[in-house]
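Reader: Could you walk me through the charged side chains in this one?
Author: Gladly, let us look at it together.

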Amino acid sequence: MSFLKKFFQNIIHDRNPDDDQIKVKGKLTPVFYGTVAPYPNFNATKDAEVLKSAIESKGVDEDVIISVLVKRNNEQRQKIKAVFEASTGQPLNKALKSALRSDLEDICLALLMPPAHFDAYLMRDATKRLGTDEDVLVEVLATRSNEEIRELTRAFKEDYGEDLEEIIKDETRGDFTTALLGMLKANKDESTDVDMAMAKKDAETLFEAGENTKGVNISAFLDILTKRSAPQLSKTFQMYTCVSDMTLPKALDMELRGDIEDCLIDIVKCAWSTPAFFAEKLHRAMRRHGTCEDTLIRVLVSRSEVDMKKILNEYRAMYDSTLQEDILKDTKHHFEKILIGLCGPH
């Protein structure tokens, strides 16, 4: 329970959703909260030549490779890949795979994947390793938009020749499978409007389905948590405290066990604050005995053009230290340098 209490007490509250939009030429435009932006004066041909020289230099110039990859956004990296292969006859990812090793190799190859294909890779890896990585499955599906989920489903089929839905059915069981398939449908409401009457009704439904009944009506939880928008769910969680003497996460923690408990709690966390959810992921990846490099790679690569600035702010607020400070303590050499680069200037 303590980690749940800390999570919900320490995250930054009182956000104004209007802060996520600014007016550009009279039109509301989303604010960019990424740390990797398009590189000005971009020249794919020049970058491809620089990477070729770095790869072929005696001993491999990792610093140059890192400098190019972390300062170009994903769209620009795709153009560099195309030019590199056209000019050398070799795919850039294969060239880097031969030149680099260990965690630096893994993160550089991840940066070269288009977002949907990286997500597809994460889902494949999570279901094909020895023992399914349930946390990664939930993380990806709970934090991507409907369109991003549809794109990753198409990429999964294209890259691996299989339907992700069938893989999930084969590799998971019970209510957890139902929850994953519910998110995979990609039909969550993405409106920013909040229906107060619905929030009150949903809070009562969740109370009746959990605390106020013998056993737990999982289907009621899944129907609400996998379909409502994040702002709507946040209001529902607030309403829940009016019908119960405990918060919804605490109720879930008491009433459920196993994969489905972890899944629903993560959905609640993401709805409340996706940046805080990822800040906690990063912190836990470094606080344990031995750093979880896979988590650092997965989060920093996938969020560097989405909301990494928000994650950095949440991290500092929740743990009284910066993400960069903890990366410097827990990682070394070129892997440390590329992670710091993805955090942006500081």
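Reader: Is K269 buried or exposed?
Author: K269 is buried, because its relative accessible area is 1%, where buried means under 20%, exposed over 50% and partly exposed in between, using a 1.4 Å probe and protein chains only. Please keep in mind that this is a predicted model, in which local features need pLDDT of at least 70, side-chain atom pairs count only at pLDDT 80 or more, and totals for chains, interfaces and linings use all residues. Residues are numbered from 1 along each chain as its sequence is written, and side-chain values use heavy atoms, with hydrogens and water left out.

Reader: Ok, and which side chain does K269 meet in a salt bridge?
Author: K269 meets E280, at 2.9 Å from N to O, a salt bridge being a side-chain nitrogen of Lys or Arg within 4 Å of a carboxyl oxygen of Asp or Glu. E280 lies in helix α17 (residues 274–287) and K269 in helix α16 (residues 259–272), so the pair ties together parts eleven residues apart in sequence. E280 is also buried, at 6% relative accessibility.

Reader: How many salt bridges does a search of the whole structure find?
Author: The search finds 20 salt bridges, and one of them joins K97 and E105, whose closest N and O atoms are 3.1 Å apart. In that pair K97 is partly exposed, with a relative accessible area of 48%, whereas E105 counts as buried at 12%.

Reader: Switching topic, what about R124 and E162?
Author: Their side chains form a salt bridge too, at 2.4 Å from N to O. R124 is partly exposed at 21% relative accessible area, and E162 is partly exposed at 29%.

How values were computed:
Helices (H or I, at least four residues) and strands (E, at least two) are DSSP runs, numbered from the N terminus.
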